Amino acid sequence: MEPRSIEIFDTTLRDGAQGEGISFSLEDKLNIAQKLCKLGIAFVEAGNPGSNPKDMEFFRRAGELVLGETQLVAFGSTRKKGGSAREDEGCAALLSAGTRWVAVFGKSWDLHVRDVLRTTLEENLAMIRDTVSFLKEQGRMVIFDAEHFFDGYRSHPDYARQAVLAAREAGADRVVLCDTNGGTFPDQVGDITGEMVGLLGIPVGIHAHNDSGCAVAAAMAAVEAGASQVQGTYIGFGERCGNTNLSTIIPNLQLKKGYRCIPDEKMVRIGKTARFIAEVTNLALPANMPYVGRSAFAHKGGMHVDGVTKNAATFEHITPEAVGNRRSILLSEFAGRSAIASKVAELDSSITRDSQVTAELIEKLKGREYQGYAYESAAASFELFARKELGKYRPAFDLEYFKILGEQPAVKVDRSCSAIIKVRVGESIEMTSAEGDGPVHALDIALRKALEVFYPSLSEVRLIDYKVRVMESHMATAATVRVIIESTDGLSTWTTVGCSADIIDASWQALRDSMEYKLMRDGAV
């Protein structure tokens, strides 16, 4: 039997833009919309053309997008009370967007009709009918969002029913039940949605907010009860606590429940799309986000690693590649023989979990972690460490010395710290200096400047993250610190670690490993 299709309605560019700290430029919106189209999302709600010039300009430039099967949707509200949809500015703006589909929200909770709209229950129903019927007359396909539907149903079920029936009778093509306050539990959502599916006789959707942490579960319950459209934002951000996370619910529905949400061949783009939207939005993608987070398929405990290396299904509910992610074996004091062996086998295939060298590496790793090193988040440094222990390491350069100079009080210049560094590559010596915004910045520039004489590819490398953690707070300024540095060459990223009571020395270790790893991977050594 053909799987039931579920329409995915993405509102990242509209409801998502209402999240705290979220601000899209026009180009951001166009780029995100294009990625969603490539993923095969059925509907992309691009904004409210009546609310701001940016959204109106988006719809003017929408012709630049390669939409495929995706429908762009303009968003607005029912007409104002006491007026006419034909003369309403908001309705005119919806039409001016030029989209085939429009989404309009209307009140379905009597509390909002009285206290927010400050009108009668009868007038609100007239606003719904007039708006929907006018937009249908103008040739638009109409999605009616019943705002606060579940709260309205609990307060005044007869009136909530009247609101959605008014939209259906006026010709709405879809009615979407909104848990706008995000406080309805999944079992209630399922029961009420099932009733509305039977009552309305047209496609019913679900729009859930995450204020009680149940948005994905509520949307799942609605689909099981017969809903055929799910609205949400791609990685879950939005008003207050956010919306149904589409990067979670799409694989939930398609891979786990057998529904069809996007083309099967597009499923591998789930993770890539999440990372792109997080980067454009300037958000850190939570490591523990289901399916798309970097920890979603990360294994640390020895027994877990042993199991997953023997049979991935023991600790993974799907294959990471199915959603464009990958498995990660984390190395720490909790790591067992299987974890170490799986990593070391990449360097020497003759080494197994029962090899003596595996046991020795585990003990040395535990000792290093006791000192403060953390290799689970610094795989590049671990590979260098393992190569040294296996006799498979050749240094790309040797440090003769470096010196850091700082001005205090800082002089009024852009860069008040400087570094002098002397390195040896073979029989050649290079000595150079550089200024920076701080000691580590100056050291990074000076090191790169010296090494680029021998290794031009290092000009591609830049630091994208720098973290410092104090390991023994009771030691105050004498405490050991751990420095984690993330680097990129534009094609890939890698992370290195340093540890010392001297923050400059810890930073040097991580910087040195970053350069060494890049050169080793490029085969430049």
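Which residues make the nonpolar surface patch of about 230 Å²? I looked this up at the start. Y466, V468 and I503 make the patch. The model is a predicted one, and I kept that in mind throughout.

**Entry: Y466**

I placed Y466 next. Y466 sits in strand β14, which covers residues 462-470.

**Entry: whole chain**

I stepped back to the chain. The chain has 525 residues, and 51% of them count as buried. Its secondary structure comes to 17 helices and 16 strands. I took the box along the principal axes: the C-alpha atoms fill roughly 85 × 60 × 45 Å. The accessible surface comes to about 23,500 Å². Carbon and sulfur atoms hold 49% of that surface. I also checked contacts by sequence separation. Of the contacts between residues at least 6 apart in sequence, 66% join residues at least 24 apart.

**Entry: the barrel**

In what order do the eight strands close into a barrel? I read the order as β1-β2-β3-β4-β5-β6-β7-β8, with parallel pairing. From one strand to the next, the twist averages 25°.

I went through some of the pairs. Strand β4 (residues 101-107) and strand β5 (residues 141-147) run parallel, joined by seven bridges.

Then I turned to β8, residues 229-232. Strand β1 (residues 7-10) runs parallel to β8, and four bridges join the two. Within that pairing, I8 has V230 of β8 as its bridge partner. Strand β7 (residues 204-208) also pairs with β8 in the parallel sense, over three bridges. There the bridge partner of H207 is Q231 in β8.

Which way do the β8 residues point? I found Q229 and Q231 pointing one way, and V230 and G232 the other way. All of these are buried.

**Entry: the open sheet**

I moved on to the antiparallel part. Three strands form an open sheet, ordered β11-β12-β13. Which strands stand at the edges? They are β11 (398-406) and β13 (428-436). Each has a single partner strand, so one side of each is left without a neighbour in the sheet. The twist here averages 10° from one strand to the next.

Eight bridges pair β11 with strand β12 (residues 417-425) in the antiparallel sense. Y401 stands opposite K422 in β12.

A helix packs on this sheet. I identified it as α16, residues 439-451, touching β11, β12 and β13. The direction of α16 makes about 35° with that of β12.

**Entry: Q509**

I finished in helix α17, residues 503-522, where Q509 lies. Is Q509 buried or exposed? Its relative accessible area is 10%. Buried means under 20%, so Q509 counts as buried.

What does Q509 touch, not counting residues up to four places away in sequence? I listed Y373, V497, G498, C499 and S500.

Methods
Residues numbered from 1 in each chain as written. Predicted model: local features only at pLDDT ≥ 70, side-chain atom pairs only at ≥ 80, totals over all residues. Heavy atoms only, no water. Patch = residues over 30% accessible without salt bridge, like charges linked within 9 Å, V, L, I, M, F, W, Y side chains within 5 Å. Areas by Shrake-Rupley, 256 points an atom, 1.4 Å probe, with all protein chains shown as cover. Salt bridge = Lys/Arg side-chain N within 4 Å of Asp/Glu carboxyl O. Pairing = 2+ DSSP bridges. Axes fitted to C-alpha atoms, helices over the stretch in contact; angles between N-to-C directions. Contact = heavy atoms within 4.5 Å. Buried < 20%, exposed > 50% of the residue type's maximum accessible area, 1.4 Å probe, protein only.
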